[in-house]
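Subject: Handing over the structure

Hello,

I am passing on the structure that we talked about, and below it you will find a description of what turned up when it was examined. Please keep the sequence and the 3D view open beside this email while you read.

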Amino acid sequence: MRTVYVNGEFLPETEAKISIFDRSFLFADGVYEVTSVLDGKLIDFTGHMKRLERSLAELKFQFKPDIDQLLEAHRELVKLNDITEGLIYLQVSRGSAGDRDFAIDPQTPPTIVMFTQSKSLIKSALAERGQKIVTFPDIRWRRSDIKTTQLLYASLLKTDAAAKGKDDAWMVLDGYVTEGSSNNAYIVTKDGTIVTRELSTDILHGITRAAVLKCAEELQLKVEERHFTIEEAQNAAEAFSTSASAFVCPVVEVDDKPIGDGVPGPVAKRLREIYIDANRKMAI
């Protein structure tokens, strides 16, 4: 029985309730963040909160979160649920004005919910063997940089990928990879250059992405932020993805074609090690 957070209260999960008229339920009118927990501490909390503030602003929420209160609530959830390794999900919806209406009432108080998920992050069978990826068209709305709760297409892609015996999906727009269903996508060229799509409204501005690129810089690895094709990925030396829930996770196959030797490559392995070590030290 988990303890969850709803609008300032810590409650048993079976007692947590929100209105059926909440706009997150009716319109997916909400944003979220996922913060990793290692050794009972929060990974890159400040980065996640800055992105939360940006998402809220982009959707014209009138609500401005109290980051100190959210930090205290995150820590309390870790304590109450005895989480040493796992995730904390924070969702902020535009709340309920009491009835269904497409038009937004800016005075509606938000709904804020948080819950934990115990998960092994360091020891990952998927990271050990590498992901097999299948590609799909990217037909999402064109503000993928906002971390909203409208995740139906990503959910369908993950389900379709699993049905094909694959681990995840990468999306393609106008012939170029945008990102994974819930992660940023990368390739490593045969000369050792790390390539990932540049920041724009087409992809999520990953907090883990920023941290991993900083690790690459410290390792003096060359990085290019640009478009790349599926064919380029299939002919790369290696590939990987990054996310808060999987850190750096190698990719060994795209659309049934092995990448490199078909096993996790040295660049992805090293970046995963460096990222985990660095963020463990900086966790709060």
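This is a predicted model: local features need pLDDT of at least 70, side-chain atom pairs count only at pLDDT 80 or more; totals for chains, interfaces and linings use all residues.

I begin with the pocket lining, where β3 (30-38), α2 (45-58), β5 (85-93), α5 (152-163), β9 (176-180), α6 (207-218) and β13 (238-243) each supply at least two residues to the lining of the largest pocket.

Residues are numbered from 1 along each chain as its sequence is written, and side-chain values use heavy atoms, with hydrogens and water left out.

The pocket

The largest pocket has a volume of about 800 Å³, and of the 36 residues that line it, the closest to its centre are Tyr32, Lys147, Leu151, Ser181 and Ser182. A pocket here is an open set of points on a 1 Å grid over the protein atoms alone, where a 1.4 Å probe fits and protein lies on both sides within 12 Å along at least five of seven lines; lining residues have an atom within 4 Å of a point. Grid points are joined across faces, edges and corners, and the volume is the space filled by probe spheres set on the points.

Which helix or strand gives the largest share of this lining? It is α5, with 5 residues. By residue type, the lining divides into 13 nonpolar, 16 polar and 7 charged residues, where Ala, Val, Leu, Ile, Met, Phe, Trp, Tyr, Cys and Pro count as nonpolar, Asp, Glu, Lys and Arg as charged, and the others, Gly among them, as polar.

Two elements of the lining can be followed through single residues. His48 lies in helix α2 and is buried, with a relative accessible area of 3%; buried means under 20% relative accessible area, exposed over 50%, and partly exposed in between, with a 1.4 Å probe and protein chains only. Leaving out residues up to four places away in sequence, His48 touches Glu33, Val34, Thr35, Ile43, Ile207 and Ala244, and contact means heavy atoms within 4.5 Å. His48 and Ile207 are 159 residues apart along the chain, yet their C-alpha atoms are separated by 6.6 Å. Ser243, for its part, lies in strand β13 and is buried at a relative accessible area of 10%; apart from neighbours within four places in sequence, Ser243 is in contact with Ser182, Asn183 and Thr208.

The chain as a whole

The chain has 8 helices and 15 strands, and its C-alpha trace spans about 55 × 40 × 35 Å along the principal axes. For 284 residues a compact globule would have a radius of gyration near 19 Å, and the chain agrees with this at 19 Å; the radius is taken over C-alpha atoms, and the globule rule is 2.2 Å times the number of residues to the power 0.38. Buried residues make up 49% of the 284 residues, and among contacts between residues at least 6 apart in sequence, 72% join residues at least 24 apart.

Cysteines

How many disulfides are there? The count comes to 0, a disulfide being a pair of cysteine sulfur atoms within 2.5 Å. Cys215 is in no disulfide, and the nearest cysteine sulfur, that of Cys249, is 16 Å away. Cys215 is buried at 5% relative accessible area, and Cys249 also counts as buried, at 2%.

Loops

Most residues other than glycine have a negative phi. Asn7, although not a glycine, has a positive phi of about 50°; Asn7 lies in the loop between β1 (3-6) and β2 (9-12) and counts as partly exposed at 43% relative accessibility. Asp256, also not a glycine, has a positive phi of about 70°, is placed in the loop between β14 (247-254) and β15 (257-258), and counts as exposed at 58%.

Finally, Pro109 lies in the loop between β5 and β6 (111-118) and is exposed, with a relative accessible area of 55%.

Best wishes

Technical notes. Helices (H or I, at least four residues) and strands (E, at least two) are DSSP runs, numbered from the N terminus.
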